[in-house]
Amino acid sequence: MQRILSRGEIESLDHTAIPRFGLPVRATVFADRAARLRHLAQDNPASAYLLLMAKLVDAQQRVLSGFSAPEAPAERLSLAQAHGMPPMQAIGWQRDPAWRGMLVAMLDHVAGAGVPEPAAKVCAQLKRLAHEDSAALETMADAVLAERDGEVDSAMAPFVMAALQVYWTDLAGRFDERQLPVVSPFGVCPVCASLPVASVVRIGGQRDGCRYLCCSLCSTQWHLVRVTCSHCEQTEGIAYHSIEGGPEGIKAESCDHCHTYRKIFYHDKDQYFEAVADDLATLPLDVLMGEEGYLRASANPLLWQHP
Ligand SMILES: [Zn+2]
Ligand SMILES: [Zn+2]
């Protein structure tokens, strides 16, 4: 079994040796997530939803291979460098209209994969919207990126989000990380400025024992010292919660300063933990945290009806 470093031990390491980021691997990012969703769907109370999302994530992997968004303009990158800002901030980004065609292709894959009738209906409605009212679809995409839950249709939102994930994962996967500013604002993705979904404690190589936050949009991972609130950066009043008798290596990291939590997955207990999939498959832990008076720091990108 791998040894997990304590906070002090990690800090005493040469910081330059810990990679700050991990950009998504284009060939496998969604395929790995889909496989994990299928695995987790066995014996899970949310099995039907996890299997539907696995089909959506399969479709993401398929369309990603043929999709290429226009690169970030050079002046935008140098502005981000100069001000220490994420270079491809999703909110306010000039999206190429091609993303709507990519969404339609994804919906066709999902609808053709034998999904239950209500899901097929949502796909058909969204496809119609893409063809007949692109302005309304763009408005919905803006609301999804800004997590304005009240302004989105909760059944359509995961599909819109999935297309936006493909768009930004494509950008992040082709990004030269030497172009990232040396410092980044706390709490958001250094590439696209979206919120993390959860964090993982990695094993192996230079990342061994280090904790990485996982972007809900572009799938980038970035380093954050352990026993630190990923929402407000406090290091006091951090506690770890888990379901009694539940699987090992899954905890909720809570903060008594801001009263929020995010889940943390330990790869030394299960190397296949995948932030988006495992977060979605562990809703009972969210129920427990709600009962203990903590709020989720941010939502799961594939679930818009929260428990
Ligand atoms: Zn990101
Ligand atoms: Zn906090």
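**View 1. Donor set of the zinc ion (ligand 1).** Cys189 (SG), Cys192 (SG), Cys215 (SG) and Cys218 (SG) are the protein donors, lying 2.3 Å from the ion; donors are N, O and S atoms within 2.8 Å of the metal (3.2 Å for Na, K and Ca), and sites may look incomplete because water is not among the atoms. The site is tetrahedral, with angles of 98 to 116° among its four donor atoms (four donors count as tetrahedral if all angles lie between 85 and 135 degrees). Along the chain, the donors of ligand 1 are spaced as C-x2-C-x22-C-x2-C.

View 2. Cys192 belongs to the loop between helix H8 (157–173) and strand S2 (196–201), and Cys215 to strand S3 (residues 211–215), so the pair ties together parts 23 residues apart in sequence. Helices (H or I, at least four residues) and strands (E, at least two) are DSSP runs, numbered from the N terminus. Cys192 and Cys215 are both buried (under 20% relative accessible area; exposed is over 50% and partly exposed in between, with a 1.4 Å probe and protein chains only).

**View 3. Donor set of the zinc ion (ligand 2).** The protein donors are Cys229 (SG), Cys232 (SG), Cys255 (SG) and Cys258 (SG), lying 2.3 Å from the ion. Angles of 107 to 115° among the four donor atoms make the site tetrahedral, and the donor spacing is C-x2-C-x22-C-x2-C.

View 4. Cys229 counts as buried at 5% relative accessibility, whereas Cys232 is partly exposed, with a relative accessible area of 28%.

**Notes.** Residues are numbered from 1 along each chain as its sequence is written, with chains lettered from A and ligands numbered from 1 in the order in which they are written. In this predicted model, local features need pLDDT of at least 70, side-chain atom pairs count only at pLDDT 80 or more, and totals for chains, interfaces and linings use all residues, while side-chain values use heavy atoms, leaving out hydrogens and water.

Definitions and conventions: Tetrahedral: all angles 85-135°; square planar, octahedral: opposite > 155°, others 65-115°.
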